[in-house]
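Subject: Handing over a structure

Dear colleague,

Please find the structure below, together with its sequence.

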Amino acid sequence: MDVQVGDIIQVKKPHPCQNYEFSVLRVGMDFKIRCTKCGREIMLPRAKIEKNIKKIIRQQTENE
């Protein structure tokens, strides 16, 4: 799965603040994501994140 820093991911289960969208801060063996509603940052293993991603929303760059 091709997830890049700066992307917004939509997950299957909501965060306790009832938000489904997270911004990606770091990619590697572990992902660091931030809730777009409350701002809480979470680090999760790649396998767990990839299993729970429902949709990837790409951020448009100047070159595209």
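Before anything else, a contact, or one residue touching another, means heavy atoms within 4.5 Å. With that in mind, histidine 15 touches Phe22, Cys35, Cys38, Arg40 and Ile42, leaving aside residues up to four places away in sequence.

Please keep in mind that this is a predicted model, in which local features need pLDDT of at least 70 and side-chain atom pairs count only at pLDDT 80 or more, while totals for chains, interfaces and linings use all residues. Residues are numbered from 1 along each chain as its sequence is written, and side-chain values use heavy atoms, with hydrogens and water left out.

The overall picture

The protein chain has one helix and five strands, and along the sequence these follow the pattern β-β-β-β-α-β; here helices (H or I, at least four residues) and strands (E, at least two) are DSSP runs, numbered from the N terminus. The C-alpha trace spans about 35 × 25 × 20 Å along its principal axes. For 64 residues, a compact globule would have a radius of gyration near 11 Å, and the protein chain agrees with this, since its own value is 11 Å. That radius is taken over C-alpha atoms, and the globule rule is 2.2 Å times the number of residues to the power 0.38.

Of the contacts in the protein chain with a separation of 6 or more, 34% are between residues 24 or more positions apart. The accessible surface comes to about 4600 Å², and 48% of it belongs to carbon and sulfur atoms; such areas come from the Shrake-Rupley method with a 1.4 Å probe, and for residues only the protein chains shown count as cover.

The core

Buried residues make up 25% of the 64 residues in the protein chain, where buried means under 20% relative accessible area, exposed means over 50%, and partly exposed lies in between (1.4 Å probe, protein chains only). A nonpolar core is a set of buried Ala, Val, Leu, Ile, Met, Phe, Trp, Tyr and Cys residues joined through side-chain atoms within 4.5 Å. The largest such core has eleven residues, namely Val3, Ile9, Val11, Cys17, Phe22, Val24, Phe31, Ile33, Cys35, Ile49 and Ile53. The elements that give two or more residues to this core are strand E1 (8-11), strand E2 (21-26) and strand E3 (30-35), and E3 gives the most, with three residues.

Phenylalanine 31 is found in strand E3 and is buried, with a relative accessible area of 0%. Its contacts, not counting residues up to four places away in sequence, are Val3, Val24, Arg26, Ile42, Met43, Leu44, Arg46 and Ile49. Phenylalanine 31 and methionine 43 are twelve residues apart in sequence, and their C-alpha atoms are 5.5 Å apart in space. Valine 24, which lies in strand E2, is also buried, with a relative accessible area of 3%.

The loop between E1 and E2

Asparagine 19 sits in the loop between E1 and E2 and counts as buried at 12% relative accessibility. Asparagine 19 touches Pro14, Cys35, Thr36 and Lys37, not counting residues up to four places away in sequence. From asparagine 19 to cysteine 35 there are 16 residues in sequence and 7.3 Å in space, C-alpha to C-alpha.

Glutamine 18 is in the loop between E1 and E2 and is exposed, with a relative accessible area of 55%. Most residues other than glycine have a negative phi. Phi of glutamine 18, however, is near 70 degrees, a positive value. Tyrosine 20, placed in the loop between E1 and E2, counts as partly exposed at 37% relative accessibility.

With best wishes
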